[in-house]
Amino acid sequence: MESCVILCGGKSSRMGQKKENLDFLGESLADFQAKKMQKIFSQVYFSSKKPISNSSHLQTLLDLNAEFAPIFGLESVLKTLKKDIFILSIDTPFLSEESIKKLIASYQKAKKPTFAKNQKIHPLLGIYTYEALAHIQHQIAQKNYRLMDLLGRLNVDFVEIPESQTQNLNTPKEYQNALQGYLNG
């Protein structure tokens, strides 16, 4: 597994500002995530509606679909890269290197889509195979943008990941609480 894509294509409406620009431990969340992923993957990209400014000078794979849903970013990424990819949403900064390696090991053993799971399933933390593209395109044609429905169409594996590592930063309160927890942790 050589490629990782950090999804940044959401509206960030609940946060009130673009999540990739949030200050996270003295740098933007985009730079924090990029640096962490570059330690693990040889190819790291962003996926977004517009280019992402970052100190790592990572390429942004543009999602040119006018609608906002992660499934469009996944379609664009798989069409562009034409290979299996590790997907990470920009707003999950606590996923550890150890957990990423567990996901990759499970994927390499079974060669099928593999995702983080705890009390819930995390379709934006894991590995999509290139073969998933046909299923994604079928769902888009049906105007069904739900990732859980997509996972139901795929033969997937799940890896148990601690809930603290799958926490999303969706609102200013969640962001502040997460920062405090991280700094006090």
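Strand β4 (residues 43–48) has five of its six residues buried, so the rest of the structure largely encloses it. Buried stands for under 20% relative accessible area, exposed for over 50% and partly exposed for what lies in between, with a 1.4 Å probe and protein chains only. Helices (H or I, at least four residues) and strands (E, at least two) are DSSP runs, numbered from the N terminus.

This is a predicted model: local features need pLDDT of at least 70, side-chain atom pairs count only at pLDDT 80 or more, and totals for chains, interfaces and linings use all residues. Residues are numbered from 1 along each chain as its sequence is written, and side-chain values use heavy atoms, with hydrogens and water left out.

β4 runs parallel to strand β1 (residues 3–7), and five bridges join the two; strands pair if DSSP finds at least two bridges between them. Here S47 of β4 stands opposite L7. β4 also pairs with strand β5 (residues 60–62) in the parallel sense, over three bridges. The partner of S48 in β5 is L62.

Helix α2 covers residues 70–81. Nine of the 12 residues of α2 are buried, among them I71, F72 and L81. Just after α2, K82 has a positive phi of about 55 degrees.

Terms used: Expected span 1.5 Å × (residues − 1).
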